[in-house]
Amino acid sequence: MSSKVFRVMLEFVLIAVLHLDGDVLGPSTMIDIYPTEQLCIERATDSQDIVNRIQYEWYDYTREQSRLGIEVPGILSVGMFCKPMHEVKENSI
């Protein structure tokens, strides 16, 4: 009888969270999935391109909402963090 060893693949999700004017915690979004925590952390520390894209998209969103008479706060900062995939619930971010 042979014994088989099963490896559990623990993937990590890179998540961006917005910190908005007025000290308001804004929405968060799942950016990507990485096979290791180290790769996720490396991407989080080198994510200026993602931050730039989020800021650009948020700016477009605020302009669109402003045209409708809805005021949306600006972004103070964008935080990046990694979380194990099994801890991320569907529709939780």
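T62 sits within helix α2, which covers residues 48-67; helices here are DSSP runs of H or I with at least four residues and strands are runs of E with at least two, numbered from the N terminus. The model is a predicted one, in which local features need pLDDT of at least 70, side-chain atom pairs count only at pLDDT 80 or more, and totals for chains, interfaces and linings use all residues. Residues are numbered from 1 along each chain as its sequence is written, and side-chain values use heavy atoms, with hydrogens and water left out.

Is T62 buried or exposed? T62 counts as buried because its relative accessibility is 16%, where buried means under 20% relative accessible area, exposed over 50%, and partly exposed in between (1.4 Å probe, protein chains only). Setting aside neighbours within four places in sequence, T62 touches V72 and P73, a contact being heavy atoms within 4.5 Å.

Turning to the chain as a whole, two helices and three strands make up its secondary structure, and from the N terminus these elements follow the order β-β-α-α-β. Of the 93 residues in the chain, 27% are buried. Among contacts between residues at least 6 apart in sequence, 61% link residues at least 24 apart.

As for the strands, β1 (residues 12-20) and β2 (residues 24-34) run antiparallel and are joined by eight bridges; strands pair if DSSP finds at least two bridges between them. In this pairing, V13 lies opposite I33 of β2. The two strands β1 and β2 form a hairpin with three residues between them, and G22 in the turn has a positive phi of about 85°.
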